[in-house]
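Here is a short note for someone opening this entry for the first time. Please read it with the structure in view.

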Amino acid sequence: MTGLTGGALRVTIFIGENDTWHHRPLHSEIVHRAHEAGLAGASVFRGVEGFGASSLIHTSRLLSLSEDLPVAIVIVDTEERVRAFLPQLDELVGEGLVILDDCEVIRYVGRGQDA
């Protein structure tokens, strides 16, 4: 997709890095489905520490026993396209948090494209 500027919708999905979908990392499944759906882009960010609804603190500190670090997947596209993708997230995300934010895209240009 090219030409994404102006008002958009950002969906952020917070899960654990050990979460899976049919023996595949869940974050990877979400990114691949977003790509197949033609969304503008998706990025995965690994956290160093956090907790969620379970109230268990997950951390990357050396002495910690936890290895299930927090992961955030961020997707930005038009509201219509993001909302059309939400049923897939409902299917995939059994534990975690999915949030939507209105945002404004200032610049969206891929490699080798003119500004």
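**Notes on the sheet and its helices**

1. Ile-13 stands opposite Ile-73, a residue of strand 7. Keep in mind that this is a predicted model.

2. Strand 1 and strand 7 are antiparallel partners, joined over eight bridges. Ile-73 has a further link: in strand 7, Ile-73 is the bridge partner of Val-44. Strand 4 and strand 7 also pair in the antiparallel sense, over five bridges.

3. Now turn to strand 8. Strand 1, residues 6-16, pairs with strand 8 over nine bridges, again antiparallel. Phe-14 has Leu-97 of strand 8 as its bridge partner.

4. Four strands make an open sheet, in the order 4-7-1-8, with antiparallel pairing. Strands of a sheet pair through backbone hydrogen bonds, either parallel or antiparallel.

5. Which strands stand at the edges? They are strand 4 (42-46) and strand 8 (97-105). Each has a single partner strand, so one side of each is left without a neighbour in the sheet. From one strand to the next, the twist averages 20°.

6. Two helices lie across these strands. Helix 1, residues 26-36, lies across strand 1, strand 4 and strand 7 (70-77). Helix 1 runs at about 5° to strand 7.

7. Helix 2 covers residues 79-92 and lies across strand 1, strand 7 and strand 8. Its direction is about 20° to strand 1.

Key
Residues numbered from 1 in each chain as written. Predicted model: local features only at pLDDT ≥ 70, side-chain atom pairs only at ≥ 80, totals over all residues. Heavy atoms only, no water. Pairing = 2+ DSSP bridges. Axes fitted to C-alpha atoms, helices over the stretch in contact; angles between N-to-C directions. Contact = heavy atoms within 4.5 Å.
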